[in-house]
Amino acid sequence: MSSSFHDLVDEGDVTGTRICFENRLPVSLRLCNGGLLEGCWRVPPPSCLGARSVVKWIAAANGVLGRHGAAGEMRYSCEWKGRRVLHIRFTCSLFGVRKLECREEGASTDEARLQIDTDMGSRETGGVMKVTIELREQLAHHVKLEPHRLPTPTTIPSSLNNGRLAGLLLQATRSALVRIVNLSQHALILTTDIRREFSRGFWITRPSERIAPLCYHDFGIAGHGWLSGTRGWVKYQIEAPRNDQERQFRLEVSWASPWVGPCRVRAEPTVDVFTTETHSNWEHNQVSSVHLIDRRNLPELQVLDSLALVNQSLGEEPRSGSQLTKVVQEQMASRYELRISSVRAFLGQGAANKHNGYMEPGASLEILYRIGPQVFTQTFGPNEPIHISSAVPGGTGHTDTILAAVEAQVSNSTATDQAMPNAERALQIQRQFTAALTLSVHTKLVSAFGTDYLHYTNVSSAHQWQPLAKKGGSSSTDALPEFDAHALLKLLRHYWTVLGNGSEMSVLDPLEKLDVKWQAQDDVDKATLANAEFAMLSLIKTMGLDAEGLRRHDWR
């Protein structure tokens with residue numbers, strides 16, 4: 001996102017929650033109810049948000065040095081093929097995790113019409129969190145949608161920096177996630193024997209043996225345990241070279257994520273006609289994208305969608321932006337490049353004439369575009385020029401845009417459709433386990449022992465998260481804790497006489513074996529996974545829950 005939000009907040013207020021809410025829907029949103037559980041509003045959310053508009057709000061933290069943080073929730077509604085209600089909840093504390101959740105209430109995966117994306121922010125964005133709402137039916141034409149992380153069974157476009165593999169690698173102290181994007185017309189084949197040649201760490205997802213033209217592949221590797229990093233390399237060559245230059249071509253991608261010292265990812269081609277460019281977040285759990293480009297044969301740039309987004313300020317009447325996809329497509333300088341000298345001039349003059357309506361010159365222009373196998377979104381402020389080219393990674397070369405790339409909707413993809421690795425399947429089983437049982441276990445234990453049942457166990461706070469209870473709430477589920485698999489297994493074993501319904505406690509053994517391997521970051525074999533999955537389904541049946549429903553749901 002190009003436009004800045006820094007001018008709305010004091011840079012010294014590190015505990016304040018700053019949220020940007022972007023409504024890409026063709027209808028307005030109205031505030032139903034909500035408020036703060038902690039903190040106070042500095043810039044409150046508006047009572048009405050216009051169609052295709054952007055609003056920002058700030059909640060200041062409470063307590064000395066803001067130690068109590070800020071937390072709140074609210075509900076917005078709209079009319080689109082029936083009434084739709086959005087539930088937004090956020091938490092930001094001085095010594096705790098930041099959380100931002102948004103979901104469509106009362107809608108199953110098949111019934112949901114709204115596509116919701118949340119971004120926790122980064123140093124580059126000044127820590128501003130973001131919620132984006134758009135129509136699922138519109139996005140599904142351009143982007144591949146995948147099931148969301150548990151416990152909400154919705155679908156999202158899985159980007160590089162917040163996809164399943166990135167989430168899995170975040171659990172390691174040091175890791176490297178590398179995406180190789182092949183934007184040439186040549187297939188690449190792996191020449192490195194990753195089982196014999198040196199690489200420090202253990203593979204979560206191995207490098208692909210073959211990367212097809214205009215496709216990409218992600219591989220991930222994590223350090224072994226505490227105080228260890230990861231480093232290594234992979235090499236590729238052209239599968240069917242047609243001349244001496246192509247026969248000489250080698251692509252070497254190397255990475256290092258040490259326990260102490262700077263992280264790096266490098267990519268070096270041996271032939272000048274091919275160019276590579278690497279973009280990384282340079283963190284200990286680093287995420288990198290390596291683009292291979294053949295400048296003699298560039299991929300096409302496709303403008304998929306374009307919106308003029310109006311910035312709505314506090315106290316203003318709600319205003320609406322416009323759909324400008326066809327108008328922007330007409331500005332293409334070639335099949336590979338889009339140039340607009342100024343967003344303000346474009347919206348104030350040319351776009352208004354072709355759109356047959358008033359266009360606010362102060363609006364931002366958001367463009368959804370495709371290059372090869374990836375789709376990108378870039379927002380350009382009123383005073384910014386637009387230059388998007390398929391000769392540049394991500395179209396603009398901006399690291400944030402590149403790492404937020406999502407997979408394009410295609411009918412046949414060889415490089416991106418990969419079988420789920422054992423490590424990802426292990427994480428999937430643990431998430432299914434906690435999502436299916438947490439509410440039932442918590443309710444039964446509160447009924448038998450009260451809300452202090454956790455005090456009688458040795459469950460570490462590192463394996464649980466206690467959200468703020470609603471003011472005036474009395475239900476035992478108002479402050480439902482979130483447990484990981486390790487904590488839930490400890491509770492089940494400790495309170496088995498209450499939870500087990502007279503069955504054998506040995507049903508926990510396969511799940512505990514998987515948990516031990518996961519905690520030690522050991523390789524997990526297929527037999528361990530199969531036994532753990534069978535034990536999970538048996539345990540769900542033992543507690544009187546719907547195991548068949550869990551089987552039928554696509555939890556990938």
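**Three-stranded sheet**

I looked up the open sheet of three strands and found the order β26-β27-β30, paired antiparallel. Strands here are DSSP runs of E with at least two residues, helices are runs of H or I with at least four residues, and both are numbered from the N terminus. I took two strands as paired if DSSP finds at least two bridges between them. The edge strands are β26 (332–334) and β30 (386–389), each of which pairs on one side only. From one strand to the next the twist averages 25°; the axes are lines fitted to C-alpha atoms, and angles run from 0 to 180 degrees between N-to-C directions. Strand β27 (residues 337–340) runs antiparallel to β30 and is joined to it by four bridges. I noted one partner: L338 is bridged to I388 in β30.

**Source of the model**

This is a predicted model, in which local features need pLDDT of at least 70 and side-chain atom pairs count only at pLDDT 80 or more, while totals for chains, interfaces and linings use all residues. Residues are numbered from 1 along each chain as its sequence is written, and side-chain values use heavy atoms, with hydrogens and water left out.

**Strand β20**

I checked strand β20 (residues 251–257) for burial, and six of its seven residues are buried, so the strand is largely enclosed by the rest of the structure. Buried means under 20% relative accessible area, exposed means over 50%, and partly exposed is in between (1.4 Å probe, protein chains only). Strand β19 (residues 230–238) pairs with β20 in the antiparallel sense over seven bridges, and Y236 has L251 of β20 as its bridge partner. Strand β21 (residues 264–269) is also antiparallel to β20, with six bridges between them. There, V253 is bridged to A267 in β21. The hairpin of β20 and β21 has six residues between the strands, and G261 takes a positive phi near 120° in it.

**Nonpolar core**

I then looked at the largest nonpolar core, which has 48 residues; F433, L437, L492 and L539 have the most contacts inside it. Such a core is a set of buried Ala, Val, Leu, Ile, Met, Phe, Trp, Tyr and Cys residues joined through side-chain atoms within 4.5 Å. Elements that each supply at least two residues include α2 (164–169), β16 (202–205) and α11 (526–542). The largest share, nine residues, comes from α7. Domain 2 (158–293) and domain 4 (422–465 + 480–543) both give residues to this core, so it lies between them. The domain bounds come from an automatic or database domain assignment.

**Aromatic rings**

I counted nine aromatic pairs in the structure. Rings of Phe, Tyr and Trp (its six-membered ring) pair if their centres lie within 6.5 Å; planes under 30 degrees apart are stacked, over 60 edge-to-face, and the rest tilted. For F449 and Y495 the ring centres are 4.9 Å apart and the planes at 40°, so this pair is tilted. F449 is in helix α7 (residues 422–449) and Y495 in the loop between α8 (485–494) and α9 (496–499), so the pair ties together parts 46 residues apart in sequence. F449 is partly exposed at 40% relative accessible area, whereas Y495 is buried at 5%. I also noted one aromatic cluster formed by F21, W57 and Y76.

**Charges over rings**

R179 lies over the face of Y216, at 3.9 Å from the ring centre. The charged end of R296 sits over the ring of F274, 5.4 Å from its centre. I applied this limit: NZ of Lys or CZ of Arg within 6 Å of the ring centre and within 35 degrees of the ring normal.
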